[in-house]
Amino acid sequence: MMHKKTDRNLIFLTKFRRLTPALPTRKIETETCDMSQSLTFHQDNNILKNIIIKVYYCLYFFGKIVLYTNNFIWKENFMQLLTIENINKRIKKQKILKDISFTLKQGEVVGLVGANGAGKTTLMKVILGLSNYQSGSLKLHGPMNNNHIGALIENPGVYPFLTGYENMNLINEDKEKENMEQIIKNLEMSQFIHKKAKAYSLGMKQKLGIALSLLNQPQLVILDEPMNGLDPKAVRNVRETILSLKAQGVSFLISSHMLGELVKVTDSILIIDNGAIVKETTMEELNNSNESDLENVLLNIIDHKEEKK
Ligand SMILES: Nc1ncnc2c1ncn2[C@@H]1O[C@H](COP(=O)(O)OP(=O)(O)OP(=O)(O)O)[C@@H](O)[C@H]1O
Ligand SMILES: [Mg+2]
């Protein structure tokens, strides 16, 4: 009986042992199953993450493209202050300006260079509305109008019986005198600004003329031979004033025979000959060209003109 009982127990044990190894296997099976599920879950998660990252990068690059395109369009079109197209002017039968076209952008300094009688002053007068023209178009862009243009054409128009300060005060529209005082300081006019203008020397008058053109925060300043009669220190003060205003976004159109001085402030130069723009050159082009000396370029043009005669 005992044997039988032991046998039964043995049989039970054997059965149990047979069963037990199966348990971990099952467990492993279930674990493997769980892992594969979580793996698929992780894979799904990764795909989703990748899609989100890709969409994010697409949006980022799309945004950048839109931004660059906008900047480009803005720079090309909206930064333009003045567009001149095919301006023609005649006085009696003489053609003074012939198909003049160019643009002036915000913060740009353009030099106007040409021989005596080439048409520089006339072109400036046309832009300012001081002289008429027969054909072509002249557009001031954006919020710009003639009130935003400062100018010094040929000789400065000042009231001789007023002091320089009073002359400036007449034109100054700012209630605050801060800007006016700053111009006087920048151009070093303090010593004579309270003297009557009739007692001014040529250079003093010229400085006052430049100071008047810079009043009321102009967006565009047109200066015809601004360096005329100025001593070297005054020339440097004018140059520094122009460069500082340019950095603030003010544009300039400057005519000058002092080519060496002009190239220090300009971004590009228009060479006008006999009423027509014969060459438009950027400072980069000039610096890279063999004709590094602008004077030679200009003299060549004048010489060819003499030869043709
Ligand atoms: N009021 C006028 N009547 C007739 N001709 C004129 C008049 N004003 C200018 N001109 C002519 O127009 C041409 C251009 O003159 P403008 O004064 O524009 O030359 P410019 O380039 O400024 O010369 P400069 O370097 O001597 O100042 C010249 O041939 C000049 O004789
Ligand atoms: Mg002139």
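Biologist: How do the residues of the shell around ligand 1 divide into nonpolar, polar and charged?

Modeller: By convention Ala, Val, Leu, Ile, Met, Phe, Trp, Tyr, Cys and Pro count as nonpolar, Asp, Glu, Lys and Arg as charged, and the others, Gly among them, as polar. Here the shell holds 3 nonpolar, 6 polar and 1 charged. This is a predicted model, in which local features need pLDDT of at least 70 and side-chain atom pairs count only at pLDDT 80 or more, while totals for chains, interfaces and linings use all residues. Residues are numbered from 1 along each chain as its sequence is written, and chains are lettered from A and ligands numbered from 1 in the order in which they are written.

Biologist: Which residues are around ligand 1, and which helix gives the most to the shell?

Modeller: A residue is near a molecule if its C-beta atom, placed from the backbone, lies within 6 Å of it. The residues around ligand 1 are Ile-91, Ile-96, Gly-114, Asn-116, Gly-117, Ala-118, Gly-119, Lys-120, Thr-121 and Thr-122. Helix H2 (residues 120-128) gives the most, with 3 residues; helices (H or I, at least four residues) and strands (E, at least two) are DSSP runs, numbered from the N terminus.

Biologist: Which residues of H2 are buried?

Modeller: A residue is buried if 20 or more other C-beta atoms lie within 10 Å of its own, exposed if 12 or fewer, and partly exposed in between, with C-beta atoms placed from the backbone. In H2, Lys-120, Thr-122, Leu-123, Met-124, Val-126 and Ile-127 are buried. Gly-129, which follows H2, has a positive phi near 80 degrees.

Biologist: Which residues have a positive phi although they are not glycine?

Modeller: Most residues other than glycine have a negative phi. Asp-99, in strand E2 (residues 94-105), has a positive phi of about 45 degrees. Asn-274, in the loop between strand E8 (268-273) and strand E9 (276-282), has a positive phi of about 50 degrees.

Biologist: Are Asp-99 and Asn-274 buried or partly exposed?

Modeller: Asp-99 counts as partly exposed because it has 14 C-beta neighbours inside 10 Å. Asn-274, with 16 such neighbours, also counts as partly exposed.

Biologist: At what angle do helix H3 and helix H5 pack?

Modeller: Axes are lines fitted to C-alpha atoms, for helices over the stretch in contact, and angles run from 0 to 180 degrees between N-to-C directions. Helix H3 (residues 164-171) and helix H5 (residues 202-213) pack at about 20 degrees, with their axes 10 Å apart. H3 and H5 are therefore roughly parallel to each other, the term for angles under 35 degrees.

Notes
Angles under 35 degrees count as roughly parallel, over 145 as roughly antiparallel, 65 to 115 as roughly perpendicular and the rest as oblique.
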